[in-house]
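Keep the sequence and the 3D view open as you read.

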Amino acid sequence: MQHKFLFINSLLPAIGLTFVSAMDKKVRVRFAPSPTGGLHLGGVRTVLYNYLFARANGGDFVLRIEDTDQNRFVAGAEDYIMNCLEWCGLVPDESPAKGGPYAPYRQSERKHLYYNYAQKLVDAGHAYYAFDTTEDLERMRKDLKKDEHSVPQYDHTTRMLMRNSLSLSNEEVMKLLEQSTPYVIRIKMPNHETITLTDMIRGEISFDSSLVDDKVLLKADGMPTYHLAVVVDDYLMKITHAFRGEEWLPSAPVHVLLWQYLGWKEHMPLWAHLPLILKPDGNGKLSKRDGDRLGFPVFAMNWTDPRTNETTKGFREMGFLPQAFVNMLAMLGWNSGSEQEIFSLDELVSRFSIDRVHKGGAKFDFEKAKWFNHQYIQRTDNATLTGLVMPYIDEQQGPGKVTPELLEQVIGLVKDRCTLLPDFWAQGHFFFATPETIDIAAIKEKWNAPKQDFFTEWKNVLENLPEWNHDAIEASCNEYVGKHGLKKGDVMLPLRIMLVGGKYGPGVYAIAEVIGKNETIKRIGSVLKTLGA
RNA sequence: GGCGUGUUGGUCAAUCGGUUAAGACGCCUCCCUUUCACGGAGGAAUGACGGGUUCGAUUCCCGUACAUGCUACCA
């Protein structure tokens with residue numbers, strides 16, 4: 001066992017080794033979302049970093065569902081999260097669905113575990129019962145408010161003014177308990193202690209304990225809050241490295257104290273607080289609303305809120321390749337130090353190092369995200385793309401109308417101008433059906449008798465063309481253009497408009513070849529009729 | 001307000017005290033292409049501010065400013 005980890009450590013970059021070799025334990029990381037809605041791209045990035053770290057260190061990646069808030073529970077959110085991870089290719093080793101040696105992985109199913117630990121803290125004098133009602137708390141916050149901007153905390157300055165096992169006599173507390181008065185258990189934050197923790201990304205961070213409030217550990221309904229649950233479960237599940245968003249930093253001292261008070265300090269995971277992903281304009285955390293407002297997805301996949309039936313677009317449905325999505329997220333807050341930007345998941349596993357993760361938040365840039373996808377489309381072979389694009393074609397044409405053979409051929413012709421999967425329809429629809437709109441205006445002004453004559457005659461020539469392919473069509477065109485006193489340039493655009501409907505698409509002769517003789521002649525004739533009228 | 005964290009071009013970012021301060025996205029120009037792209041060649045654009053430390057600071061330290069996160073019986 002010992003040898004195994006020495007071996008693994010020797011493969012690690014210098015700084016990673018520091019973080020891992022300190023312990024002879026197997027690396028275990030976890031992603032712990034609460035099932036309250038769509039999976040935010042920041043969440044996916046946290047998953048990614050967890051996953052990469054676990055893989056690189058031969059560790060386990062655990063998915064734990066933090067569903068301790070009954071009020072915020074949303075049906076379907078957990079399955080949705082699992083599906084997102086699957087789509088991204090970041091599948092956990094242990095999860096509620098898959099199970100594992102530390103099951104259950106849903107905190108609601110672990111409810112019974114937490115009370116004893118909370119009680120242990122009370123017995124040791126590190127926590128206490130608090131009987132305050134919501135109204136009591138509101139009154140305290142209102143009455144004790146000193147100035148406009150500050151909100152009084154439930155802390156060492158106020159706790160003796162409240163109804164709890166610290167301020168009340170033993171008899172009173174016993175009586176309240178006997179009467180089944182609802183209570184919570186709060187941590188008793190010590191006075192003027194400096195709490196220091198080492199963050200893998202930020203280094204040493206310290207807090208003054210007296211500035212942190214007495215956080216609720218166990219709620220009145222018997223459920224733990226995040227603060228208790230994260231510590232108990234990370235301990236029980238033998239988590240060695242904990243990655244979470246920067247927004248958790250202010251409550252980190254509570255967690256550190258809990259590890260200490262519970263007597264597990266030497267088992268505390270190494271923390272890494274990841275930088276935030278910011279909105280592109282202005283500042284602040286990127287939210288679902290920013291996506292709606294600016295027209296890009298924020299969630300990994302489409303999310304439909306079961307209560308409002310409102311659907312929020314996801315990267316997947318917008319036509320992103322999961323590999324591109326993941327690659328893009330990897331680069332948002334981390335870089336290899338080289339000029340390389342395109343990395344496969346395997347490459348990321350071997351190159352990723354936590355010490356190269358940025359401290360500062362990064363603004364999300366949808367244009368760059370699209371660039372990644374474009375890169376991946378170009379690097380994906382046509383046969384694979386055919387399978388990915390077909391659903392979008394079927395959606396437009398009806399299932400089965402376009403054969404995979406045709407699609408694959410078209411993909412080869414148009415892929416370099418496609419950024420998102422739906423672009424294949426926009427860039428190639430004229431291969432599958434006669435264009436519905438023709439940009440007549442683009443050619444009408446310069447239309448004249450010679451052109452009319454050329455196309456009228458050439459159409460008939462095409463009819464009898466012995467071979468139907470790019471070169472034959474081009475040769476024929478060149479031959480007849482001269483006969484009408486025209487130049488190639490005079491007819492190229494009109495021909496394109498006739499076949500495509502607009503000023504875009506691959507080479508016209510290639511288009512003619514693929515759509516076939518009959519369709520080519522038909523489209524020329526149809527536009528000719530319009531122009532002649 | 002308090003506490004925490006952060007700050008290199010418009011955006012992502014390299015630099016681990018000494019560089020003409022990389023590269024990418026986006027933008028602009030040109031070339032290629034008788035379309036649109038792709039591709040190629042160029043271009044504009046950066047160390048928040050003020051003090052130190054140092055022979056020398058983008059880099060280390062301290063202030064200030066600004067930004068952001070937290071300040072719930074939410075995570």
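Predicted model: local features only at pLDDT ≥ 70, side-chain atom pairs only at ≥ 80, totals over all residues.

## A covered helix

Contact here means heavy atoms within 4.5 Å.

How many of the twelve residues of α4 are buried? Nine of them are, so the helix is mostly covered, where buried means under 20% relative accessible area. They are Ala77, Glu78, Tyr80, Ile81, Met82, Cys84, Leu85, Trp87 and Cys88. The elements that cover these buried residues include the helices α3, α11 (315-318) and α12 (322-330). Strands β2 (60-63) and β11 (303-304) are also among them.

## Two nonpolar cores

The largest nonpolar core has 116 residues. Within this core, Phe325, Phe364, Phe455 and Trp458 are the residues with the most contacts. Helix α3 (residues 41-56) supplies the largest share of the core, with nine residues.

Setting aside residues up to four places away in sequence, Phe364 touches Leu41, Ile277, Leu278, Pro280, Leu286, Phe296, Pro297, Phe315, Met328, Leu332 and Ala369. There is also a second, separate core of 40 residues, and Ala118, Tyr129, Val212 and Val254 are included in it.

## The surface near the RNA

Now turn to RNA strand B, which has 61 residues around it. Which of these come nearest? They are Asn335, Glu341, Arg417, Gly489 and Gly505. Of the atoms of RNA strand B that come within 4 Å of the protein, sugar and phosphate account for 70%.

The side chain of His358 has an N or O atom 3.0 Å from a phosphate oxygen of RNA strand B. At Lys503, a backbone N or O atom is 2.8 Å from a sugar or linking oxygen. Gly505 places a polar backbone atom 2.5 Å from a base nitrogen. As for the elements, those giving two or more residues to this surface are α6 (134-143), β4 (184-187), β6 (203-208), β13 (362-363), α14 (366-379) and α21 (488-500). The most comes from α21, with four residues. By residue type, the surface divides into 20 nonpolar, 16 polar and 25 charged.

Thr380 sits in the loop between α14 and α15 (382-397). Why does Thr380 count as buried? Because its relative accessibility is 15%, and the cut-off for buried is under 20%. The side chain of Thr380 reaches the backbone oxygen of Tyr376 at 2.6 Å. Beyond its neighbours within four places in sequence, Thr380 is in contact with Leu321, Leu385 and Lys415.

Asp233 belongs to helix α8 (residues 226-236). Is Asp233 buried or exposed? Asp233 is buried, with a relative accessible area of 0%. Apart from neighbours within four places in sequence, the contacts of Asp233 are Arg64, Gln107, Arg110 and Tyr114.

Technical notes. Residues numbered from 1 in each chain as written. Chains lettered and ligands numbered in written order. Heavy atoms only, no water. Core = buried A, V, L, I, M, F, W, Y, C linked by side-chain atoms within 4.5 Å. Buried < 20%, exposed > 50% of the residue type's maximum accessible area, 1.4 Å probe, protein only. Near = heavy atom within 4 Å. Polar contact = N/O pair within 3.5 Å; in protein donor to acceptor, adjacent residues only side chain to side chain. Nonpolar A, V, L, I, M, F, W, Y, C, P; charged D, E, K, R; others polar.
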